[in-house]
Each structure stands twice: as structure tokens, then as C-alpha cells.
Amino acid sequence: MDITTSEVPPQYDEFRKSLQAFIGAHCPPLEWKARTGIRVPEEEHDVALLRQWARAIHDAGYVFDRFADTPGDPYEQRVLEEELGATGIPYVVGNALVAGAIKMFGTPEQRSAHIGPMSRGEQIWTQLFSEPNAGSDLASLQTKGRLDGDEYIINGQKVWSTWAQWADHGYLLARTEPSPGPGGITALILDMKSPGIEIRPLREMTGTTDFNEVFFDDVRVPVANVIGAPGEGWKVASASLATERGGVGRNLSWETVVRLADLARTTSRRGTSLGDDGSVRQQIAAFAARSRIQDHLGKRVETRAENQAVTAWDAPLMKIWFSELNLEMLEYGLDLQGPRSIVAEGDEAAYDDGFLQDAFLYARAWTIAGGSNEVMRNLISERGLGLPREPRGDA
Amino acid sequence: MNFDFDDDQQLLRESVRRFLDERYPLSVTREALEADVVLDRELWRRGAELGWTAMLIPEQHEGGSITSQPLVDLVVLAEELGRTLNPGPLVSTNVVADAIARFGLDEQRSTWLPRIARGEVIATWSLSAEGTPDLEAPGVDAVVSEGGVTLNGTARYVHEAVGAELVLATVRLDGKAACVLVPLPHDGVRVRRHTGLDLTRRFGEITFTGATVPADSVLGGAEVLERAISVATVIKSAEATGAAEILFERTVDYLRDRVQFGRTIGSYQAIKHRLADLLIEVEAMRTATYYAALAVDEGFEDAAEAVATAGSYVPEAFAHLTGESLQLHGGIGFTWEHDVHLFVRRSKSDEPLFGEPSWHRENLFEMLDAATLGESA
């Protein structure tokens, strides 16, 4: 048994130092307030700054594995992720999930037209998967693509598309083939400036606007924009969604544990610090244990991935574990504040400028997004344990 | 990255499982559920030949581990023994073997370790009269006397107390913790068997009334106790994980077969979702246990935290899982004939032993508090 991830060797100190100097000189000041989760700028000005930031990173010679044909030096990748991650500012603009799909299934033309520009911040992408009537049951999506010569004519509606309001391109799933379910779905590259596309920003319960609805009215897409082959869209999307589910929420829960410990120490009830209250100590420690176990579960999944032995329950398990722990912790974070929990961001009386209030609301996204936890439990029991599948109501 | 067992450890698992399946399955233990003695000493000795009590003993004293990570090796054994709800004192005997190997004198090592490794001697481990590791609890007091060290007081909830040939007693000496070896039987020591909730194990009470042992029987103080709790937590967690795993498998099998209202009850979403949660729980128990074993073996900086994590999470998850399993079995689960109650009994009586979950959580909070105090300032 060996889980040591080797330390970054000293010869990378120089690389790190020059990266730090680069960050100090170029990292943009944003209007945007740091919040939990996957958030999207509300000001065009911030979007322009983020594009410049991605460009600057690229021009300085830093290359991320997700955009490279062959993986780079693993230590350099680690240092890049550590240092750029520490800024709290996104270093990849938009939803870059499509990069993996294009690398795995795309044509050489598609690769050269998109991978480079994405890495330079020239192309912001959005994912056009979910629909109002195809959320958990994504394979039932109804957006149509009708073949007309060498073009598909797209009609329908998508929802929950992050970055769509700023996107240049869309990673679209549409039904182009006569068969129902997964077999009829094709993955397409969509130019978001095409005529017939309407984007309506969707304001969420957090009050911020991180998602959009996207409507298609006879939008024309060249057949050459198909990723993979017609009817292979489910395979293409599953490959990229699997990476998203596996990656959701890593390392986020420990930060919240630390926030709860801080909150308990600085909050009193009946003249006693909550940090000295036995029930509070027990509860926070229980969260801490679950957060540590999240790390360990991640290492088990990583081991199975390295041995090509990934199970059907790995990604759903990680998603359920993190999202439910996260939600419970944030609910508790408000409970600990007592009456003070009713004031939020912008009020001078708010604890930590309402970070936990916003995070509490946003926590509801993680238990739903990327496949609701109910669907995750179906996946575990049906594909993992081989129990009978839920019957379709329309079969 | 290989957060899994090596090939040699897999072989160990196979050989132990084969032995247990053929010679010492749960059905054998079932025959002695209501007897005074449940542990079959001859089978225990045979198990010792497979290394059950030898992993933490140096080779020169007839021990030896499979790999350079003896606690990880022990996890494999403990999971397998846990699957059969084996009655043996795997935790206590290994704790005592480890304490003698690490902290004992040469003479104590050569006297006891080969006999423990061979399974001839059952060594057990006692805490306070409340079964807890804290010094504030009433328990056994020791004073330095003319003949060495003299013990007075009672220790309870001691595994295999009746029948053990050796006890490592946790005592208070000069207001501090001390761990003292006492051979059994011994003048001034009485042993009484508890009537227990867990029918697959026997616990007992040890009363010391002026029992005097040589001064060098004191192996040490807090450092011995701390190490003992780490070792115990890892083994206990691994036994729990193995037991949880087999009960979960049996539960899924049952729900796949049982038909009501014209369909297998495992096809109902209300049931499937509960099983999904139990699968997650078993995975979490495993990873918490494996990580604790590895962290203690390798002396990771977060070893104490890993022990507290496993010690607080695993026993509660185990008890939750057995309760869910019983409920999902329905009426058959409430019968004496079905094994599920043995797992319920095991998990519930496992929970408070060798440091209860709330005790580990308090330790965890103290570590978290100390580690994060600086970050917030």
C-alpha cells in the first residue's frame, strides 16, 4: 500500500518562483466577489480581464494538460495548478469540458480550430446538455437536429448552461437520428453567434446569474461540426461527464470544516464560546472525519483509475459524499450563527460578509447538478449492485 | 499511488478465508453462542499458525509480518476474521504483543512473544472500570511496594478475561497512566465473566486486590497507551469493516431473491437507495480503516488524526449498517435462527470499546482546533 505523492523536487523551485513573479505582475483585479462554487462574472469588463489573463498565461509559455496533445511534466502541472489555483481567479475561461471530447473524438481540423484558441482565452465555451424536460433523464432530450444538405437545422431549448451569456461556442447534444434514447443523440460544435440563438440569463436562488437558458430557432450547424459520428453523442458526452462527476467538490469540504471551527471559536452563547461547547465540538469533529474520509475515498478511486478498474459507483459515490456533507455543514454553519444567520452579504453585521449564507444557498446546486443524488443512487444500485432497473413510464 | 493491498496480502487473504470457511465459519461459533466459553482454543492456535497473532512480533521471537507494513497486513486478517464474527481476542492479543515487542525487556520478549505468536498464550488488555482509556475514570490503582508494584481496583469489559494467560493492565501510578504486565492466574487477581450483549465474544471483569508484580512489569506510561489505542482502533475498524462487508453482501443477495407484490423487493427504489447508502458506508469504513493503518505504519504526520477519524466514524457506520440490514430483512431478521442479530449485537457492543466514538471525536476536535487556530488569526 502506497499513497505517497512525491514532493515537488527542488529543481522546480525556479519554475515556481518565476510563475509566482508572473502571477504577481499579471493576475487581474476583478470586480467579482469570491464565492463558493462555479460562478460566472456579471460584468463584461471582468470577462475581458479573464480572457487577457488566459492569454497572458499562454503567452508566458504555460501549457495545461487538458489543452495539450501529450501530457506535460507532471511536476510543472502540479505547480501550475497549485499556484494558479491559489489566486482564486479562474485560469481557464468558460466550461472547458469540451476540450476532452474534441481531443478524444474530434477531427484534426476541429482540434486545430478550437483547442489552441481555448487555451488562449479566445474561445469561451458553454455546455448545452440539460433541457427543461431532460435533466436527470438526459437521454430523453428533445432538441432536434434535422439534416438539410450538409447542415443540421437545430430547434429546441437548453437550460443550466454556465457561461452561455459570454460564450463563443457551445458543446451541444441534439437528437439527429430517428432512434429514441441515447442512440439518437449527436454531439455538435455550435457557433454561438449563429442566427436563431437566443440566450436568456437565468437568475438562481443565490441571486447571482451563473446559468442560462438557450433557445434554438432553425439554427444551422455544418455537418463537419459533429464530434465523433452522428448517433455517438451519448458516448462522447459520457466520457466528458464522467470526468466532471469525479472532479466535483474535491478539497472543498475541508475549507468549510475550518470555517466552522473559526465560527465556533468566535461565537458565544450564554457567555460561553461555542468552541468550548461539547455538542458543537462533537458535531464539527464528525464533519472533519467525513471530510478526511472524502480525501481517502478519492485516493481509492484514483487507485482504481490507475489500474483501469473504475467501478460504476466511484463517481456517484464521490458526488453524493461531498454534496451531502457540504450541505449539512453549511446548514450547521447557519445554525451556529443563531439570529445573526439572518443577515447576509452586504450587511455590516453579517459574519464573514455573508460567505456562509451564499454558500448555504449554493450548496443546493451540488446535490442536483451533474445528475441529482437520486439518480446517482439509482446508478449505484443498478449498475453497481446489479439490482433491477427502474421501469420507464413511457415504455 | 496504490491505495490497495499488495499481491502478498491478497494471498494472505485467500489463505485465511479458506481456513475460516473450512474450519472456523460463523456456523461453528453459533454452536457455542450460549456456552460459557465461545472461543475454540485449538482453532485459535491453528489460526495463530497463519499469523493471526504474529504480525507485530519480531522474527527473532517467532513472529513476522508479510510486508513492511504490519498493521496493513493485520487489516487483511482482521477483515477476514470480522466476516465470520470470530470470537478471538484479535485486538487485545495483538495490542499486548505489540506493547511487549516495543516496550518490553528482552526477558519479557523472549518469555511471552513466542508463546503469543504460537497461540499458546492468550494475552488480553484492560482499561478502566468503565472500559474507557481516560485516567479520570475509576479503575486500577498501582503503588510502588516492597515486592515491586501492587495493584488494587477493577477493570471491566475485558475481552477473553476468563481464559487469558496474560493481561496488560492500564493503571494509575503516581497520578499517571501506566501499563503493567500481569500473568494469569495470579495471587490477588479474580476474574469474573460478564453476561454479554455480543453472543460471539466473551468479556470479563478483572479485580486486583493487592496483586503484586515485579517493578519491571511496568512497560511504560502514556506512550504505551497511546500506541495501544492506535493499534486497537485499526484492528477493531478492520474487523468491523469485514463484518459490514459480508452482511451487506448477504443483504443485497436476500433483497434480490425475496419476492413480494409480484416483484423482487430489491427492485423498489425505496430499497435500492438505502442499499446505495450502505454501499457508500462500507466504502467509507474501508478507506478510513486502510488510511489509519497506513498512517500509523508509516508514521505519517496525520496518523493521530487518521486514528481518530476511523475510531469515530467506523463503529457508528457499522452499527448503522447492521440496523439497516435487520430492517431490510424484515421478519426473518428478528429470528434467533438468522445471523443478522449476531451482527447487530457485535456492532453495538463494538462501538464503545477501546475508545468510544465520542472520545475519538473530542480528540479530533482538539487536533483541528490546534491546527486551525493559526489560520484564522
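Chain A and chain B bury about 4400 Å² between them, and carbon and sulfur atoms account for 64% of it. Buried area is the accessible area (1.4 Å probe) that two parts lose on being put together, summed over both. This is a predicted model, in which local features need pLDDT of at least 70, side-chain atom pairs count only at pLDDT 80 or more, and totals for chains, interfaces and linings use all residues. Residues are numbered from 1 along each chain as its sequence is written, chains are lettered from A and ligands numbered from 1 in the order in which they are written, and side-chain values use heavy atoms, with hydrogens and water left out.

**Chain A against chain B**

- The contact (heavy atoms within 4.5 Å) joins 45 residues of chain A to 48 residues of chain B.
- On the chain A side, A:Met1, A:Arg281 and A:Arg300 lose the most area to chain B, together 20% of what that side buries.
- Nine salt bridges link chain A and chain B. A salt bridge is a side-chain nitrogen of Lys or Arg within 4 Å of a carboxyl oxygen of Asp or Glu.
- A:Arg300 also pairs with B:Asp4 in a salt bridge, with the closest N and O atoms 3.6 Å apart.

**Domains of chain B**

- Chain B is assigned domain 1 (7–117), domain 2 (123–220) and domain 3 (223–370). These bounds come from an automatic or database domain assignment.
- The centres of domain 1 and domain 2 of chain B, taken over C-alpha atoms, are 22 Å apart.
- Their contact takes 28 residues from domain 1 of chain B and 19 residues from domain 2 of chain B.

- About 1900 Å² is buried between domain 1 and domain 2 of chain B, 63% of it from carbon and sulfur atoms.
- B:Leu33, B:Val96 and B:Trp112 supply 24% of the area that domain 1 of chain B buries here, more than any other three residues.
- Two salt bridges run between domain 1 and domain 2 of chain B.
- B:Arg193 forms a salt bridge with B:Asp36, and their closest N and O atoms are 4.0 Å apart.
- Ten residue pairs are in polar contact between these two domains of chain B (both at pLDDT 80 or more).

How values were computed: A polar contact is a pair of N or O atoms within 3.5 Å; within protein, one must be able to donate a hydrogen and the other to accept it, and residues adjacent in sequence count only if both atoms are side-chain atoms.
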